[in-house]
Amino acid sequence: MNYLFTSAGRRFELLKLFKRDLKESRLVATDSRPHAPALQAADRSYLVPPVYDPDYLSCLLEICKRESIDAIFPLIDSEIPLLARQVKLFQDQGVTVFVPNIDSADRCHDKFAFYQYLTEQGIPTIMTYDTLVEAKAALTRGALTFPLFVKPRYGSGGIGAWTIHSISELEVAFADEHTLIVQPLIQGEDIGVDAYVDAISHKLVTAFMKRKIETTIGGANKTISFLDERLFLGLGELCQLFSFTGSIDIDLFCQDGVYYVTEINPRFGGGYLHADGAGVNFLPLIENNLKGIKNEPYYGEYSDNLVMMMYDAVVFQEQSSLVDVDLTSG
């Protein structure tokens with residue numbers, strides 16, 4: 001199999017896992033920045049235009065043709081709705097794109113639409129407001145109290161997220177960024193789940209759960225595993241409300257025994273390294289699906305209370321050989 005990782009960025013360790021387990025496979029990575037570290041973990045790397053550039057899709061299709069790509073894994077949120085709309089272009093070249101359908105991609109990308117959909121479906125989530133006027137009105141009637149949590153409606157990785165303690169801070173936040181959502185600041189346990197949804201049945205196959213000990217911009221860097229079969233069953237029901245394919249990253253809060261779903265990122269999450277380290281390996285599941293084999297659900301085959309502690313690492317490369325092919329120069 002030949003795998004393409006788009007917008008690979010810093011996901012060096014993820015590509016290393018594919019190299020470790022899929023020794024007969026070939027890894028190709030793209031990014032719009034030549035200094036993206038993950039390009040150095042690939043067998044072949046491409047510099048491409050930014051995701052929203054008019055030539056971006058044609059570049060990906062050209063790479064798929066050149067490299068006989070079997071499957072694509074986008075690694076940033078903003079790219080997922082774009083690829084979800086163009087799946088057929090890649091399928092016509094025999095390429096499987098690990099993205100959800102258009103409706104699911106849009107709902108996950110738009111955090112307010114995600115909140116509305118979960119509320120309609122009766123899934124516990126956090127009360128969310130999408131305008132300054134509505135947030136102020138909620139504060140006036142007592143439905144919201146400080147501190148608040150605001151973040152971009154279409155954001156990713158915690159970038160642009162603020163804790164707000166006053167009306168004046170709230171007004172400043174909206175002055176800087178108009179597409180914000182406002183939520184109460186939840187004091188419960190911050191939970192992350194790496195789950196695999198079968199690309200054939202579109203049902204939950206397995207899930208790895210962890211409590212977040214420390215979080216920085218970009219995700220949790222210290223986590224501890226736990227097991228909860230009740231949560232696993234609930235996640236199975238949640239996934240049936242969407243049409244996912246492959247690895248997904250789910251964020252929740254647990255307060256008074258209730259799990260509140262806050263986000264789903266339909267891609268490999270940065271915390272997947274913890275799942276793999278605990279023995280929950282999605283790569284054989286991916287290979288099965290690409291061979292037309294449906295995976296059967298399983299749960300709980302990992303250790304409770306296993307701690308993951310991320311640390312910084314570096315990769316060196318000569319400037320002249322940072323990328324193999326530059327598709328940005330025409």
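Q: How many aromatic pairs does a search of the whole structure find?
A: In this predicted model, the search finds 17 aromatic pairs.

Q: What sort of pair do phenylalanine 18 and phenylalanine 268 form?
A: Their geometry is edge-to-face, with 5.9 Å from centre to centre and 80 degrees between the planes.

Q: Where in the chain do these two residues lie?
A: Phenylalanine 18 belongs to helix H1 (residues 12-21), and phenylalanine 268 sits in the loop between E13 and helix H10 (272-277). The pair thus links distant parts of the chain, 250 residues apart.

Q: Buried or exposed, phenylalanine 18? And phenylalanine 268?
A: Phenylalanine 18 is buried, at 0% relative accessible area. Phenylalanine 268 is also buried, at 3%.

Q: And phenylalanine 114 with phenylalanine 242, what kind of pair is that?
A: That aromatic pair is stacked: the centres are 6.1 Å apart and the planes make 25 degrees. Phenylalanine 114 is in helix H6, whereas phenylalanine 242 is in the loop between H9 and E12, 128 residues away. Both phenylalanine 114 and phenylalanine 242 are buried.

Q: Which residues do ring pairs link into a cluster?
A: The cluster consists of Tyr3, Phe5, Phe18, Phe73, Phe98, Tyr196, Phe268, Tyr272 and Phe282.

Q: Back to phenylalanine 18: what does it touch?
A: Leaving aside residues up to four places away in sequence, phenylalanine 18 touches Tyr3, Phe5, Leu27, Phe73, Phe268, Leu283 and Ile286.

Q: On to the largest nonpolar core: how many residues, and which have the most contacts inside it?
A: That core has 61 residues, and those with the most contacts inside it are Tyr3, Phe18, Val193 and Ile264.

Q: Returning to H6, which of its residues are buried?
A: In helix H6 (residues 111-120), the buried residues are Lys111, Phe112, Phe114, Tyr115, Tyr117 and Leu118.

Q: What covers them?
A: The cover includes helix H5 (102-109), E6, E8, helix H9 (229-239) and E13.

Q: What is found at the start of H6, and what follows the helix?
A: At the start, a side-chain oxygen of aspartate 110 comes to within 3.1 Å of the backbone nitrogen of phenylalanine 112. After H6 comes glycine 122, with a positive phi near 75 degrees.

Q: Changing topic to sheets: what is the strand order in the open sheet of three strands?
A: The order is E7-E6-E8, and the pairing is antiparallel.

Q: Which strands stand at the edges?
A: Strand E7 (162-164) and strand E8 (180-184) do; each has a single partner strand, so one side of each lacks a neighbour in the sheet. On average, neighbouring strands of this sheet are turned by 30 degrees against each other, direction ignored.

Q: How many bridges pair E6 and E7?
A: E6 and E7 pair over three bridges, in the antiparallel sense. Within this pairing, phenylalanine 149 is opposite threonine 163 in E7.

Q: Which helix packs on that sheet?
A: Helix H8 (residues 167-176) does, touching E6, E7 and E8, and its direction makes about 145 degrees with that of E7.

Q: In what sense do strands E2 and E3 pair?
A: Strand E2 (residues 26-31) and strand E3 (residues 44-47) pair in the parallel sense, over four bridges. Alanine 29 has serine 45 in E3 as its bridge partner.

Q: What joins E3 to E15?
A: Two bridges join E3 to strand E15 (residues 325-326), and these strands run parallel. Tyrosine 46 has valine 325 in E15 as its bridge partner.

Q: What is the phi of serine 68, and what is that of aspartate 256?
A: Serine 68, although not a glycine, has a positive phi of about 50 degrees. Serine 68 is in the loop between helix H2 (56-67) and strand E4 (71-74) and is partly exposed, at 48% relative accessible area. Aspartate 256, likewise not a glycine, has a positive phi of about 55 degrees. Aspartate 256 lies between strand E12 (246-255) and strand E13 (258-265), in the loop, and counts as exposed at 78% relative accessibility.

Conventions
Residues are numbered from 1 along each chain as its sequence is written. This is a predicted model: local features need pLDDT of at least 70, side-chain atom pairs count only at pLDDT 80 or more; totals for chains, interfaces and linings use all residues. Side-chain values use heavy atoms; hydrogens and water are left out. A nonpolar core is a set of buried Ala, Val, Leu, Ile, Met, Phe, Trp, Tyr and Cys residues joined through side-chain atoms within 4.5 Å. Buried means under 20% relative accessible area, exposed over 50%, partly exposed in between (1.4 Å probe, protein chains only). Contact means heavy atoms within 4.5 Å. Two strands pair if DSSP finds at least two bridges between them. Axes are lines fitted to C-alpha atoms, for helices over the stretch in contact, and angles run from 0 to 180 degrees between N-to-C directions. A polar contact is a pair of N or O atoms within 3.5 Å; within protein, one must be able to donate a hydrogen and the other to accept it, and residues adjacent in sequence count only if both atoms are side-chain atoms. Rings of Phe, Tyr and Trp (its six-membered ring) pair if their centres lie within 6.5 Å; planes under 30 degrees apart count as stacked, over 60 as edge-to-face and the rest as tilted.
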